[in-house]
Amino acid sequence: MKRIYLDYAATTPIHSEVVKAMLPYFTEAFGNPSSIHSYGQEAKGSIEEARVKVADLIGARSEELVFTSGGTEADNFAIKGIAFANESKGNHIITSSVEHHAVIETCQFLERRGFRVTYLPVDEYGLVDLDDVKKAITDKTTLISVMHASNEMGTIEPIAEIGRIAKEAEIYFHTDAVQTVGHIPVDVNKLGVDLLSMSAHKLYGPKGVGALYIRKGTKLTPFIHGGEQERRRRASTENVPGIVGFGKAAELAQHEMGEEVKRLTYLRDQLIKGLLERIDHTRLNGHPLKRLPNNINISADFVEGESMLLNLDLEGICASTGSACSSSSLEASHVLLALGLSHEQAHGSLRFSLGKWTTEEEIERVLDVLPRVVAKLRAMSPLLKSHR
Amino acid sequence: MRDVWSLYSDKVMEHFKNPRNVGEIENPDGIGHVGNPVCGDIMELYIKVNNNTIVDARFKTFGCGAAIATSSMVTEMVKGKSIEEALEISNRAVAEALDGLPPIKMHCSVLAEEALKSAIEDYCAKSKRRNNECK
């Protein structure tokens, strides 16, 4: 059976050209970038080339980028780095209630250390309210962190508007842009962010590498202490092949983004429309328009997400329920609950995320299979009769 | 390549794919209703009892793969058993009959045991109301 991968928001396969670009750096060009000799300088040069490519993708200067081990590290670095470096100014952080665990858990860690955190609510579409942001600001606030787009429900937050509020209040502003960089246009100056997290494996690059954009002049504590790598902000010998792969992936994304946004938006809307038409008691989670081009998140009433996922997998269709990171916990997704969904609806959510190799035939196949799966599970659901 | 769902045993997947005894029993002698929406599992178990023997059992379940499989398995296990024998069925016995469950899914087998006990309690309460002894 041909498998259909619709979980690109969890991770993407590496583009063949990215693999090709990386390969020499495992073998012949294996040098340590800190070494003075030619092997070292060759590796150093490749990192700086990659830095320019990734910086170009987000409208930044290359010296404002620090490579990390991924998006989670970039989030940790930004939040702890700002919180610790600016502790004398204040101990208050503002974030949203729909952030990725990498942000939420980091904020909770800081709360246990005596920091205060405001978790902004969202509306039924998952959008943060600008007035709530303004009202949450105190003279102790040192950081606002709101994600660019939700990995789960796909809603794109009003980052540029929050950026203006943050700038006026002279508060550092971070955004987790792991789901948007390489997928929709991202420009650090237009968004008005001081810090921005990204991850290579979400844009057809390798796992284990990401980056944090840090606007020049931003005061933050180094993340890893040790050598002089990454301008002393993140010690440790660089992941040279990974960084080279990230650079290549960024370069490819920049070329392909325009067409890809149009193609995926069309497929996304086909799938949303088809599912809502073919399955009753189904809702779209997240904003219908302010939405990632590749994200579909629906809740089907009376049925549970994992059992839908298992049935889909038996038919070769790979999707996700809630966040893939939390699939082993029993808790319903905090993101969907924040939208005001009931526990039943949150447990009954399904996410399809499309990508470079998604075809119209694959969308058709989901539209054929999922209604049958839901019908089968509803026939054994004790929740259904009470709604009849 | 590793089987995608090696999370679950073949037996669990078999019961998940083809659950036995799905549905309700008309005029059941006992109904068990357990679980809650917060944890994402709700089980309803129906039993028909004749001469102290469970002659039929059916279920309706909202829940994950393990919840459906344990519901299916427990209905299979109780059929033909006396009330006393049925009360002896533990969650571990259900899990073992399915060739094991992942640790995070063991609560599903607990739910199956509780659903069964709750159905039997309901049966006993009804019997007592009819002045019949429930052993």
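## Two interfaces in a predicted model

The C-alpha centres of domain 1 and domain 2 of chain A lie 28 Å apart. The structure is a predicted model. Domain 1 of chain A covers 4-11 + 257-387, and domain 2 of chain A covers 16-252, according to the domain assignment. This report describes the interface between these domains and then the interface between the chains.

**Between the domains of chain A**

Domain 1 of chain A brings 31 residues to the contact, and domain 2 of chain A brings 31 residues. The two domains bury about 2500 Å² between them, with carbon and sulfur atoms accounting for 58% of that area. Within the area that domain 1 buries against domain 2, 25% is supplied by M257(A), L292(A) and H334(A), more than by any other three residues. The count of salt bridges between domain 1 and domain 2 of chain A is 0, while 16 residue pairs are in polar contact across this interface, both residues being at pLDDT 80 or more.

On the side of domain 1 that touches domain 2, two or more residues each come from α8 (240-278), β10 (295-300) and α10 (334-338) of chain A. The largest share belongs to α10(A), with 4 residues. By residue class, this side of domain 1 divides into 14 nonpolar, 12 polar and 5 charged residues.

**Between chain A and chain B**

The contact between the chains involves 24 residues of chain A and 29 residues of chain B. About 2300 Å² is buried between chain A and chain B, and carbon and sulfur atoms give 67% of it. There is 1 salt bridge between these chains. It joins E306(A) to K105(B), whose closest N and O atoms are 2.7 Å apart.

Three helices of chain A, α9 (305-314), α11 (343-347) and α12 (360-378), each supply at least two residues of the side that touches chain B. The most comes from α9(A), with 7 residues. The residues on this side of chain A divide into 11 nonpolar, 6 polar and 7 charged.

**The buried areas in summary**

The size of an interface is often expressed as the accessible area lost when the parts come together. The table lists this value for each interface.

| Interface | Buried area | Share on carbon and sulfur atoms |
|---|---|---|
| Domain 1 and domain 2 of chain A | about 2500 Å² | 58% |
| Chain A and chain B | about 2300 Å² | 67% |

Conventions:
Residues numbered from 1 in each chain as written. Chains lettered and ligands numbered in written order. Predicted model: local features only at pLDDT ≥ 70, side-chain atom pairs only at ≥ 80, totals over all residues. Heavy atoms only, no water. Contact = heavy atoms within 4.5 Å. Buried area = accessible area lost by both parts, 1.4 Å probe. Salt bridge = Lys/Arg side-chain N within 4 Å of Asp/Glu carboxyl O. Nonpolar A, V, L, I, M, F, W, Y, C, P; charged D, E, K, R; others polar. Domains from an automatic or database assignment. Polar contact = N/O pair within 3.5 Å; in protein donor to acceptor, adjacent residues only side chain to side chain.
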